[in-house]
Number of protein chains: 2
Amino acid sequence: MPARPTLDHILAAAERIRPFAHRTPVLTCAGIDAMCGASLFFKCENFQKVGAFKFRGAANTVFSLTDDEAARGVVTHSSGNHAAALALAARLRGCTARIVMPSNAPAIKKAAVAEYGGIVTYCAPTLEARETATAALIAEHGCVLVHPYDDARIIAGQGTAALELLREQPELDLVMAPVGGGGLLSGTAIAVTELSPRTRVIAAEPERADDAHRSLREKRIVPSVDPDTIADGLLTSLGEQTFPIILARVERIVLVSERGIVAAMRHIWERMKIIVEPSAAVPLGAILEQRIDVSGMRVGIILSGGNVDMEKLPWNV
Amino acid sequence: MPARPTLDHILAAAERIRPFAHRTPVLTCAGIDAMCGASLFFKCENFQKVGAFKFRGAANTVFSLTDDEAARGVVTHSSGNHAAALALAARLRGCTARIVMPSNAPAIKKAAVAEYGGIVTYCAPTLEARETATAALIAEHGCVLVHPYDDARIIAGQGTAALELLREQPELDLVMAPVGGGGLLSGTAIAVTELSPRTRVIAAEPERADDAHRSLREKRIVPSVDPDTIADGLLTSLGEQTFPIILARVERIVLVSERGIVAAMRHIWERMKIIVEPSAAVPLGAILEQRIDVSGMRVGIILSGGNVDMEKLPWNV
């Protein structure tokens with residue numbers, strides 16, 4: 001594993017995952033541009049395999065393993081898109097993925113992991129139970145732990161989305177991404193600041209899960225405590241690997257209200273006719289709430305994913 | 001107005017609307033392919049201007065008008081996608097669009113027409129009131145009536161979607177489209193049978209609005225009486241212009257249940273992460289209900305539109 005991810009790692013990741021990942025489209029929308037007074041370029045990771053950018057990092061990691069490591073398989077504790085992504089990447093490599101998931105995880109997430117062939121181990125919904133269960137699997141099978149974001153291979157993989165975006169739209173004034181654990185954001189920040197130094201990188205985060213915003217302000221990792229947001233991909237704290245990259249390369253982190261996230265999500269659904277999850281709508285929400293002035297700018301936005309429970313849409317509650 | 005639309009009219013329409021209409025993408029989905037045992041190529045007219053293929057025909061018609069006709073403006077009676085499409089096309093040409101709409105039309109449709117600058121005249125929700133109101137506008141303003149489907153310029157415009165599809169995917173065994181009044185289907189059928197004689201054309205229609213199916217069987221226009229389907233774009237009867245084209249060029253019309261339409265729509269939303277309206281899901285619904293065997297085939301499907309009331313999704317009722 002590389003100690004610190006660099007542009008070279010992102011370029012290598014792009015080559016490594018090319019046979020497996022989609023090169024997702026970059027879409028524009030005249031209606032939303034008019035609302036923002038800017039030109040927005042949406043990188044559609046909702047169309048990525050498993051419906052989220054997470055497949056990029058998972059595929060880069062799994063296809064970076066030695067044959068010996070691959071034979072022992074991979075393990076992660078996650079109930080979200082990373083779990084499904086790791087399961088699919090492992091299946092494509094022909095190795096086993098073990099997923100430790102709290103017993104109270106939503107049925108839709110259990111089903112997604114099972115569909116991609118992941119072996120699920122349930123545990124009690126506590127951090128301690130999760131770590132114990134994971135350690136037991138590593139002891140028993142020798143499998144390789146793949147952290148959802150605090151891993152240089154994951155960060156390099158996630159950075160390939162911004163790489164593709166910049167290759168298609170080199171003249172961007174600003175690139176925005178949502179931030180949870182910071183895997184997507186740190187990969188994005190490396191790609192953008194190295195490839196296009198004049199392009200700024202600004203992240204967006206829910207007001208009610210503002211740990212990354214505070215971390216950047218306080219210059220230390222402020223843990224995420226009781227986050228309470230509809231953006232369920234953004235609940236975690238920054239990591240030891242992601243935090244310094246973000247501190248060095250991200251200009252600032254803007255916040256957005258829950259109402260703003262839902263409104264932005266609905267605009268994307270209604271205007272662009274594409275399905276994005278709440279986390280993906282966070283940057284546009286911040287723009288529409290005028291938490292950041294993008295007037296006249298060319299702005300790239302990473303739409304992080306599209307996995308939504310159709311039975312529980314936020315405008316039907 | 002050309003008497004009977006031909007491939008040449010479709011080619012001319014493609015040139016005419018090129019500056020105004022989107023060249024929509026053709027998407028594929030490994031998950032849905034696996035469900036169908038076929039390779040499906042979805043022409044995404046949900047991404048078209050105003051969210052539906054209707055913009056193609058409307059733009060072709062409006063930009064075919066003489067300057068004198070354009071100065072007098074256009075009129076139609078419709079409450080659906082055609083009305084919004086005509087309003088936008090007229091605005092782009094710099095002329096007036098008058099839309100006769102029943103007073104009980106859904107608020108969302110009134111808003112769409114208003115947003116694109118159409119001038120709405122409300123009438124009682126009867127055929128007679130609609131025709132009287134339309135005739136009055138024509139008498140007063142001399143405006144040009146643009147029928148939603150039974151017009152050679154409209155048919156030629158709608159055929160440009162299949163033209164683009166075949167240019168991108170020439171080796172198709174079959175092209176499917178939904179059928180309501182037959183504007184999209186007849187344009188599609190002309191484009192496909194002329195450009196690729198080996199490619200079959202089959203339409204799909206809701207069981208509970210099966211007038212086109214019966215018309216093809218009885219070789220006469222069977223009117224649509226009390227259609228009762230969620231596919232609200234497919235309620236109308238075939239027209240004098242569309243029927244003979246469909247009779248000559250469409251192999252057959254397969255039916256699909258309401259449950260099948262909703263299931264197909266949900267698969268497209270969940271798997272492809274795109275928003276389509278119920279009418280657009282009708283061909284895939286027929287395939288998934290095995291009303292037609294497409295095993296091993298390469299099938300083009302026109303996804304006709306994506307205008308859905310997000311407050312009233314069929315799986316939330």
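Predicted model: local features only at pLDDT ≥ 70, side-chain atom pairs only at ≥ 80, totals over all residues.
Let me start with Ser224(B), which, leaving aside its neighbours within four places in sequence, is in contact with Asp211(B), Leu235(B), Thr236(B) and Ser237(B). Ser224(B) sits in the loop between α10 and α11 of chain B, and with a relative accessible area of 18% it counts as buried, the cut-off being under 20%. One of its contacts can be described in more detail: a polar atom of the Ser224(B) side chain lies 2.7 Å from the backbone oxygen of Leu235(B).

Staying with that loop, which runs between α10 (211-218) and α11 (242-249) of chain B, we also find Leu234(B) there. Is Leu234(B) buried or exposed? Its relative accessibility is 5%, so Leu234(B) counts as buried. If we again leave aside the neighbours within four places in sequence, Leu234(B) is in contact with Pro178(B), Val179(B), Gly180(B), Pro206(B), Ala209(B), Ser279(B) and Val282(B). As for Asp210(B), the C-alpha atoms of that residue and Leu234(B) are 9.5 Å apart in space, while the two residues are 24 apart in sequence.

Let me turn now to the sheet, which I will describe in chain A. There, 6 strands form an open sheet with mixed pairing, and their order is β1-β2-β10-β7-β8-β9. The edges are taken by β1 (26-27) and β9 (252-256) of chain A, each of which has a single partner strand, so that one side of each is left without a neighbour in the sheet. Further in, strand β2 (residues 39-44) of chain A runs parallel to strand β10 (residues 298-303) of chain A, and 6 bridges join the two. Within that pairing, Phe41(A) has Gly300(A), in β10(A), as its bridge partner.

Helix α8 (residues 152-168) of chain A lies across β1, β2, β7 (174-178) and β10 of chain A, and it runs at about 135° to β2(A). Helix α12 (residues 258-272) of chain A also packs on the sheet, where it touches β1, β2, β8 (200-206), β9 and β10 of chain A, with a direction that makes about 85° with that of β9(A).

Next, the aromatic rings, for which the count comes to 5 pairs over all chains. The rings of Phe20(B) and Phe63(B) have centres 4.0 Å apart and planes at 15°, so this pair is stacked. It links distant parts of the chain, 43 residues apart, since Phe20(B) lies in the loop between α1 (7-17) and β1 (26-27) of chain B, and Phe63(B) in the loop between α3 (54-62) and α4 (67-72) of chain B. For Trp269(B) and Trp315(B), the ring centres are 5.1 Å apart and the planes stand at 85°, so the pair is edge-to-face. Trp269(B) belongs to helix α12 (residues 258-272) of chain B, whereas Trp315(B) is in the segment after β10 (298-303) of chain B, 46 residues apart. Both count as buried, Trp269(B) at 0% relative accessibility and Trp315(B) at 10%.

Those tryptophans bring us to the two chains together, because Trp269(A), Trp315(A), Trp269(B) and Trp315(B) form one aromatic cluster.

Conventions. Residues numbered from 1 in each chain as written. Chains lettered and ligands numbered in written order. Heavy atoms only, no water. Pairing = 2+ DSSP bridges. Helix = DSSP H or I, 4+ residues; strand = E, 2+ residues; numbered from the N terminus. Contact = heavy atoms within 4.5 Å. Axes fitted to C-alpha atoms, helices over the stretch in contact; angles between N-to-C directions. Phe/Tyr/Trp six-rings, centres within 6.5 Å; stacked < 30°, edge-to-face > 60°. Buried < 20%, exposed > 50% of the residue type's maximum accessible area, 1.4 Å probe, protein only. Polar contact = N/O pair within 3.5 Å; in protein donor to acceptor, adjacent residues only side chain to side chain.
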